[in-house]
Amino acid sequence: MWTANLLALAIVTQNQAPLNASPRDSAGKQAVLWQGDMLEVRGQSLDYVKVYDHRRERAGFVKASQVRMVSLDSKQAPELLSVVRFLRDASGSEALGVSYAAAYLKAVPAQDLTAEPLDALGVMADRLAHRASINQIKANDTALAAHLEVVRQYGVIMNSFEVEGSMRVCYDGDMFRRVLNMPDADAGQRARAALGVTRPECQDPHEGPTEHYERDVWRSDVLGLVPELGLSDNQRARLHARRAGVWASIAFAQSRRGESPQHAGERALQELAAVNKAELSDEDLMEYNEAAVRVGASRWAAEPVGKPSGRIWVQTLQGAPGETCVLLQDSKHDSRQPLLKRCTYATVWTASASSNPAGTVLALAVQPLDAWRELWLFREGPAGWTVDVVPPGTSDTNLGYLEFAGWVPGTNRVLTAREVKVEGRVRRRFEIMNYATLKVEHQAVTPDYLTNFLRWQEPRWKKLTVALR
């Protein structure tokens, strides 16, 4: 945090306030000040305040109407905290709120410090980062960029990551971590802190698999320590949604590490089922749907591998290091002479294998990424057996899944459910696909609009899928 030992301070309250060379409107401008800038007061002349800007290392004059005088005297701490409380939820005034919070932290005696100002500072910094990320998608905003520079002088660190082709600005969560360690923090403050430091979009995309897994385990621990007693209905719903997404990622990572993912997969499904969607705002619903896609991609982790059934089935064998080979078999072709062999570095969910009654097609769930699951279709043709890899979508996103939902008897049609993030939103479709051409012949946002889907959907799919949430 900002550490200048000053008693007479002025906080800029308006954007683009000029720092003049003399106390006159016609004077030359030394700099342009922004809301939240902290200045040392060195005197007053007419309706101007003589100040020194330590961030820019220059002196000048600023109109008294464009700043507010504050003191770091401990007696003024309650007044500063009152302003922090007022600005805490004022969207667009985050830089100003951070500056008052910084002044309060300098003024308050150590023994009187509580979790409240740390929580407020974290909330404002997190909201500023979110606004900056949304703004980069919509339009350029000079004031917002300046506010990011303002809060930096108070030790608020913002990290930037490229996510789906645009830059995501993320608060590093320092104040939230402090709140989690404060003994007086209540359940609501702990929930806000836990949600603030576990945002999935703020994980470094350059992390390796081991670092990513360790961070997910840490995220699950942080979220698990938040007591639900005392939370609002909205916080409780958001907490369950966040936990669901984290446990889904852990399940996938454990499958890659050769560990049993069943417990993590079950936990992901339980957390998703515990979400009360009626308590979520529109923005929260977007995160919930993304968490549901993550759970949907890894949902087979919760299912034990059973005995092969049907006329054809699959068996997996270890190939090259990190590689899994899928062997398609029937009663006449075992692992030594399979009908078809296909190797992959993805996770193969053998429990998902389902063949049509004629034994000429088999559907298999294969997951190359923690939030991306493909559908493999093994087909018998005139030239023998082939396999088609059908992805959830063709966009730049890595969030989606495509799953088998049933066979339409006597036809070349297969029922599928697809969820994929497109242009910032999760799109869900129920489809009737021709597996010979891979062309989607019919689709709808709900299976109720597709007669064949309602009639031929597989009971196991209906029981296990999250697409019907």
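This is a predicted model: local features need pLDDT of at least 70, side-chain atom pairs count only at pLDDT 80 or more; totals for chains, interfaces and linings use all residues.

**Entry 1: α8 and α9**

I looked up helix α8, residues 233-256, against α9, and found that their axes come within 8 Å and cross at roughly 160 degrees. With the cut-off above, α8 and α9 are therefore roughly antiparallel to each other. I then checked the hand of the crossing of α8 and α9, and it is left-handed. On the α8 side, the residues in contact are His240, Arg243, Ala244, Trp247, Ala248, Ile250, Ala251 and Gln254. From α9, the contact takes in His263, Ala264, Gly265, Arg267, Ala268, Glu271 and Leu272. Sorting this contact by class gave me 8 nonpolar, 4 polar and 3 charged residues.

**Entry 2: α9 and α10**

Next I followed α9, residues 262-273, to its contact with helix α10, residues 282-298. The axes of α9 and α10 come within 10 Å, and the crossing is at roughly 150 degrees. α9 and α10 are therefore roughly antiparallel to each other, and their crossing is left-handed. I listed Ala268, Leu269 and Leu272 from α9, which meet Tyr288, Ala292 and Val295 from α10. Which classes make up the contact of α9 with α10? I counted 6 nonpolar residues, with no polar and no charged ones.

**Entry 3**

I turned to an open sheet of 3 strands, which I wrote down in the order β10-β11-β12, with antiparallel pairing. Its edge strands are β10 (312-318) and β12 (340-344), and each of them pairs on one side only. Ignoring direction, neighbouring strands of this sheet are turned by 25 degrees against each other on average.

How many bridges join β11 to β12? I found 5 between β11, residues 324-330, and β12, and the two strands run antiparallel.

**Entry 4: the whole chain**

Last, I stepped back. The chain has 12 helices and 20 strands. Its C-alpha atoms fill a box of roughly 95 × 45 × 45 Å along the principal axes. Of its 469 residues, 51% count as buried. Among contacts with a separation of 6 or more, I noted that 56% come from residues 24 or more positions apart.

Terms used. Residues are numbered from 1 along each chain as its sequence is written. Side-chain values use heavy atoms; hydrogens and water are left out. Axes are lines fitted to C-alpha atoms, for helices over the stretch in contact, and angles run from 0 to 180 degrees between N-to-C directions. Helices (H or I, at least four residues) and strands (E, at least two) are DSSP runs, numbered from the N terminus. Angles under 35 degrees count as roughly parallel, over 145 as roughly antiparallel, 65 to 115 as roughly perpendicular and the rest as oblique. A crossing is left-handed if the near helix is turned anticlockwise from the far one by less than a right angle, and right-handed if clockwise. Contact means heavy atoms within 4.5 Å. Ala, Val, Leu, Ile, Met, Phe, Trp, Tyr, Cys and Pro count as nonpolar, Asp, Glu, Lys and Arg as charged, and the others, Gly among them, as polar. Two strands pair if DSSP finds at least two bridges between them. Buried means under 20% relative accessible area, exposed over 50%, partly exposed in between (1.4 Å probe, protein chains only).
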